[in-house]
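Subject: Structure handover

Hello,

Here is the structure we talked about. Please open it alongside this message; my notes follow below.

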Amino acid sequence: MSDATLHMTDRDPDDFAVQIADQVESFLVAVTEVAKGDEPDSAVPFLLLEVSQLLLAGGRLGAHEDILPDERYEPDPGPEADVDQLRENLARLLEPVDVYSEVFDPYEPRTAPVPARISDDLTDVITDLRHGMVHYRAGRTTEALWWWQFSYFSNWGSTASAALRALQSVVAHVRLNQPLAALDGLDTDQGLGDDTLEIEAGRVMVEEIGGPLGMRPVV
């Protein structure tokens, strides 16, 4: 089934599946265009808008009753499209603000922030959305909706939400004329050895427990 069938004239524009697919397709096309780097100055606010609109579709999927696939086993959608070039283009475009700090689960007590990349997040989301789009374009509408809903809960919803917070923070810092704090070389591929982890654990204990106990800060 060709791309043209995504917007077939016999499909009801008010249909839930059509609306979700339209929002997914809009996001896929928009991020791919941004990654080309033709308008770098507007990349961050444009991505903020697109991720916000995508999460509206995610919210609708999340609020919808559980969608059950027509078949017990998922039909083979074929090989996943390569996103490495897209990831590299986004990382190059967003280089000054690509890495950010994120708390993985806000309901996990005392969860430590972890480094993440907006470019990784966006390509991760795109991989999930493309997977469902293959089913949709093949006429497997229920399968596509099931996949988009399931992966919204299990992956792309939280990933897109994290990227949205980072993008919104960048735009807010710029509009409020508040310089971003340096992340001191923080990166997602930064490995911590046992000694470093022990030192970091001790520092956290001093900061979180030492103050209430009246301990002097370690210099």
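Y152 and W156 are both buried. They sit in helix α5, 4 residues apart, which is about one turn of the helix. In general, an α-helix has 3.6 residues a turn, so residues three or four places apart point the same way. The rings of Y152 and W156 form an edge-to-face aromatic pair, with 5.1 Å from centre to centre and 65 degrees between the planes. Please keep in mind that this is a predicted model.

**Other aromatic residues**

A search of the whole structure gives 6 aromatic pairs. Another of them joins W146 and W147. That pair is tilted, at 6.2 Å centre to centre and 50 degrees between the planes. How exposed is each partner? W146 counts as partly exposed because its relative accessibility is 22%, and the cut-off for buried is under 20%. W147 has a relative accessible area of 15%, so it is buried. W146, W147 and F150 make up one aromatic cluster.

**The chain as a whole**

The chain has 219 residues, and 34% of them count as buried. Its secondary structure consists of 6 helices and 2 strands. Along the sequence, the order is α-α-α-β-β-α-α-α. Take the contacts with a separation of 6 or more: 74% of them are between residues 24 or more positions apart. The accessible surface is about 13700 Å². Carbon and sulfur atoms hold 55% of that surface.

**The nonpolar core**

In soluble globular proteins, nonpolar side chains tend to be buried together. In this chain, the largest nonpolar core has 47 residues. F27, L129, W148 and W156 have the most contacts inside it. Helices α1, α2, α3, α4 and α5 each supply at least two residues of this core. The largest share comes from α5, with 12 residues.

Setting aside neighbours within four places in sequence, L129 is in contact with V24, F27, L28, L54, W148 and W156.

Helix α1 covers residues 16–35. Do its ends fit the helix length, or depart from it? At 1.5 Å a residue, its 20 residues should span 28 Å, and the end C-alpha atoms are 29 Å apart, so the two agree. At the start of α1, a side-chain oxygen of D15 comes to within 3.1 Å of the backbone nitrogen of A17. Just after α1, G37 has a positive phi of about 80 degrees.

Helix α2 covers residues 43–63. The same reasoning applies: 21 residues at 1.5 Å each should span 30 Å, and the end C-alpha atoms are 30 Å apart, so this helix agrees too. Its buried residues include V44, L47, L48, V51, L54, L55 and L61. E50 is also buried in α2. The buried residues of α2 pack against α1, α3, α4 and α5.

**T123 in helix α4**

T123 lies in helix α4, residues 118–137. Is T123 buried or exposed? Its relative accessible area is 0%, so T123 is buried. Two polar links are worth a look. The side chain of T123 reaches the backbone oxygen of D120 at 3.0 Å. A polar contact of 3.4 Å also joins the side chains of T123 and R87. Not counting residues up to four places away in sequence, T123 touches V83, L86, R87 and L90.

**Two loop residues**

E65 is in the loop between α2 and α3. Its relative accessibility is 60%, so E65 counts as exposed. Where does Q149 come in? E65 and Q149 are 84 residues apart in sequence, but their C-alpha atoms are 9.7 Å apart in space.

N177 is in the loop between α5 and α6. With a relative accessible area of 68%, N177 is exposed. Phi of N177 is near 55 degrees, a positive value in a residue other than glycine.

Best wishes

Technical notes. Residues are numbered from 1 along each chain as its sequence is written. This is a predicted model: local features need pLDDT of at least 70, side-chain atom pairs count only at pLDDT 80 or more; totals for chains, interfaces and linings use all residues. Side-chain values use heavy atoms; hydrogens and water are left out. The expected span of a helix is 1.5 Å times one less than its number of residues. A polar contact is a pair of N or O atoms within 3.5 Å; within protein, one must be able to donate a hydrogen and the other to accept it, and residues adjacent in sequence count only if both atoms are side-chain atoms. Buried means under 20% relative accessible area, exposed over 50%, partly exposed in between (1.4 Å probe, protein chains only). Contact means heavy atoms within 4.5 Å. Accessible areas come from the Shrake-Rupley method with a 1.4 Å probe; for residues, only the protein chains shown count as cover. A nonpolar core is a set of buried Ala, Val, Leu, Ile, Met, Phe, Trp, Tyr and Cys residues joined through side-chain atoms within 4.5 Å. Rings of Phe, Tyr and Trp (its six-membered ring) pair if their centres lie within 6.5 Å; planes under 30 degrees apart count as stacked, over 60 as edge-to-face and the rest as tilted.
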